[in-house]
Amino acid sequence: MSPSRLAYGARRPLSAAQQRLLDTLLDLDPEQWARPMDLGGTDASRHSAVLASLVRRGFVERMDRGRSWGIRPSWLYRL
């Protein structure tokens, strides 16, 4: 990603969904990792996509918790 595009992304305001998830994460212990479902996510709620956008913008950290079955990754998130 080019530096100019990165700077543009850093200046864009947060969406309402991004702000809600950040507020939810702020209520957790800073060392605690959370699944999207721990943050209110349900099927088709787009919590994973919103969290991924926050990771790309540098607001949230994520960790692969491993693949217990299947091929899709399973992520945990924290501030």
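Glu61 counts as partly exposed, at 36% relative accessibility; the term covers values between the buried class (under 20% relative accessible area) and the exposed class (over 50%), computed with a 1.4 Å probe on protein chains only. The model is predicted: local features need pLDDT of at least 70, side-chain atom pairs count only at pLDDT 80 or more, and totals for chains, interfaces and linings use all residues. Residues are numbered from 1 along each chain as its sequence is written, and side-chain values use heavy atoms, with hydrogens and water left out.

**Salt bridges**

The side chain of Glu61 forms a salt bridge with that of Arg78, at 3.1 Å from N to O. Glu61 belongs to strand S1 (residues 61-64) and Arg78 to strand S2, so this pair ties together parts that are 17 residues apart in sequence. A salt bridge here is a side-chain nitrogen of Lys or Arg within 4 Å of a carboxyl oxygen of Asp or Glu. The search of the whole structure finds 3 salt bridges, listed below.

| Salt bridge | N to O distance |
|---|---|
| Glu61 and Arg78 | 3.1 Å |
| Arg78 and Glu31 | 3.5 Å |
| Asp38 and Arg35 | 2.7 Å |

Arg78 also meets the side chain of Glu31 in a salt bridge. This pair links distant parts of the chain, 47 residues apart: Arg78 is in strand S2 (residues 75-78), whereas Glu31 is in the loop between helix H2 (16-26) and helix H3 (47-56). Arg78 is buried, with a relative accessible area of 17%, while Glu31 is exposed, with 57%. Through shared partners, the salt bridges join Glu31, Glu61 and Arg78 into one network.

In the salt bridge between Asp38 and Arg35, Asp38 is partly exposed at 41% relative accessibility, and Arg35 is likewise partly exposed at 30%.

**Overall architecture**

The protein has 3 helices and 2 strands, which follow the order α-α-α-β-β from the N terminus. These elements are DSSP runs, numbered from the N terminus: helices are H or I with at least four residues, and strands are E with at least two.

Of the 79 residues in the protein, 27% are buried. The protein exposes about 5900 Å², of which carbon and sulfur atoms supply 54%; accessible areas come from the Shrake-Rupley method with a 1.4 Å probe, and for residues only the protein chains shown count as cover. Considering contacts (heavy atoms within 4.5 Å) between residues at least 6 apart in sequence, 55% join residues at least 24 apart.
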